[in-house]
Amino acid sequence: MSADLALIWPELILTIGGLITLLLGTFAGDRQVGLYQLAAMLTLGAAAFAVVALFGVEASVFSGTLAVDGFGGFAKLLIYAASFVCILIAPRFFTGGMRAEYPVLILFAALGMGIMASARDLMTLYIGLELNSLAAYVLASFMRTDERSSEAGLKYFVLGALASGMLLYGISLIYGFSGTTDFAAIALRMGGEMNIGLVFGIVFMLAGLGFKISAVPFHMWTPDVYEGAPTPVTTFFASAPKVAAMALMTRVVVDAMGPAIGAWQQIVIFLALASIILGAVGAIGQKNIKRLLAYSSINNVGFILIGLAAGTQAGVEAVLTYLLVYVVTTIGSFLVVLQLRDAAGNQVESIPALAGLSQRRPGLAAALSVFLLSLAGIPPLFGFWPKYLVFEAAVNANLVPLAVAGIVASVIGAFYYIAVIKTMYFDDASDVEVTGGGSAVEGAIVTASALWLSVVGYLFIPVLAVASASAAAVLF
């Protein structure tokens, strides 16, 4: 037991730090929110340091239910970094409404996501997923006096409970027909003769996980929750949980269901194509920037699933690289949205209100243009590189029609990104004067993200290739 505990320091640090922050909030109330924010960020920094210290270690702990490896470490670093930024940017948005629970909920959500990324057993998979989900439901409705936030939390809870039920039913079927909850043992069972029970188990499990990554047709919650939740919370939903859910789905299909590729590959291909097409088409008529970014998230999940559908090490490497670039792009996009305010200080979310932004706030308009074009995968911006990798992996896995369909759909998706840029640069200035404005820290993050997503990012390809290859190799 002590040997196992020595290998789960990231989880222990998050647990202890979360409990300490919770106790501080209980005794001091909301008067010292800055202290809780600092404590949470220090906790995430310490957890990330512990992950780095464990790089190179490959082990299974607690009777094989959790894996300590490079794949989980890669995902955890992305999760902790995204969570750190979402805590950092929160106080200015909430102003007087910031409460002690916010950093605590983020910490426990990060703990659950870390368990998801390292799960090698159906039970730990479900525990990590529910720990993250319970915190997320509260975060979505964090602004109790805001009807949109309350509605977002209720929708997320109801649909999330339905997805959890589907996932749990799939888990029970796989356990019933394989006789085990261990991923390695399930893989051995699926290497033999498949039966209808295992096939149905795979379908229900992928349906439940599809909800967590907001893949079509399990995406229905995403636009409403992204629009209604507070912007820092939306930033969190669009980044860290996506990484955790994709890492979990990757580990499940490769590690546990690898031998049954004929059964799960078709499902993943359908999810990929449906998400790419609906994400592109559904965004065209959107007038709210947060809803548009929600459909963009659905669209990009489809491209990530193309890499997963390949079922190869190169495909998993492409998934990890795509997740890294996607997280940076998404956080940068929402930080720009966070700074869009009118003269009275109210947040501006309407896309038509962005007309003339290039004259009023040229820096914000330029940064948002970089992020949108990068999400579209338009060269020479760095967002093109992960799309190229997932298409290359699909072609090498003899999934040429899937790659062609993805390329065609990406052209369709570029329309709504360019439409926003056209509004900012070429439309007559709107009546709503978007003054913008943010802290120096927010400006620094936006600037650094935009620069990295320009051609500068290509300089980091050798480093990214080594990191993603070593992480993906763990599963093969």
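**Reading a helix pair and a pocket**

Guide: In this predicted model, helix H13 passes helix H19 in a left-handed crossing.

Visitor: How is a pair of packed helices described?

Guide: Two packed helices are described by the angle between their axes and by the distance between those axes. Here the axes of H13, residues 261-283, and H19, residues 400-426, come within 8 Å and cross at roughly 20°. Angles under 35 degrees count as roughly parallel, and H13 and H19 are therefore roughly parallel to each other.

Visitor: Which residues of H13 and H19 meet?

Guide: On the H13 side the residues are Ile-269, Leu-273, Ile-276, Gly-279, Ala-280 and Ala-283, and in H19 they meet Leu-402, Ala-405, Gly-406, Ala-409, Ile-412, Gly-413 and Tyr-416. The residues of this contact divide into 10 nonpolar and 3 polar, with no charged residue.

Visitor: Turning to the largest pocket, how many residues line it, and which lie nearest its centre?

Guide: The largest pocket holds about 500 Å³ of space, and its lining is made of 23 residues, of which Phe-74, Leu-77, Leu-78, Leu-324 and Leu-464 lie nearest the centre. The elements that give two or more residues to this lining are helix H4 (70-88), helix H15 (313-339), helix H20 (440-453) and helix H21 (461-473).

Visitor: Which element gives the most to the lining of the largest pocket?

Guide: H4 gives the most, with 7 residues.

Visitor: How do the residues of that lining divide into nonpolar, polar and charged?

Guide: The lining of the largest pocket divides into 18 nonpolar residues, 4 polar ones and 1 charged one.

Technical notes
Residues numbered from 1 in each chain as written. Predicted model: local features only at pLDDT ≥ 70, side-chain atom pairs only at ≥ 80, totals over all residues. Heavy atoms only, no water. 1 Å grid on protein atoms, 1.4 Å probe; cavity = no way out; pocket = protein on both sides within 12 Å on 5 of 7 lines; lining within 4 Å. Points joined across faces, edges and corners; volume = space filled by probe spheres on them. Helix = DSSP H or I, 4+ residues; strand = E, 2+ residues; numbered from the N terminus. Nonpolar A, V, L, I, M, F, W, Y, C, P; charged D, E, K, R; others polar. Axes fitted to C-alpha atoms, helices over the stretch in contact; angles between N-to-C directions. Parallel < 35°, antiparallel > 145°, perpendicular 65-115°, else oblique. Left-handed = near helix turned anticlockwise from the far one by under 90°. Contact = heavy atoms within 4.5 Å.
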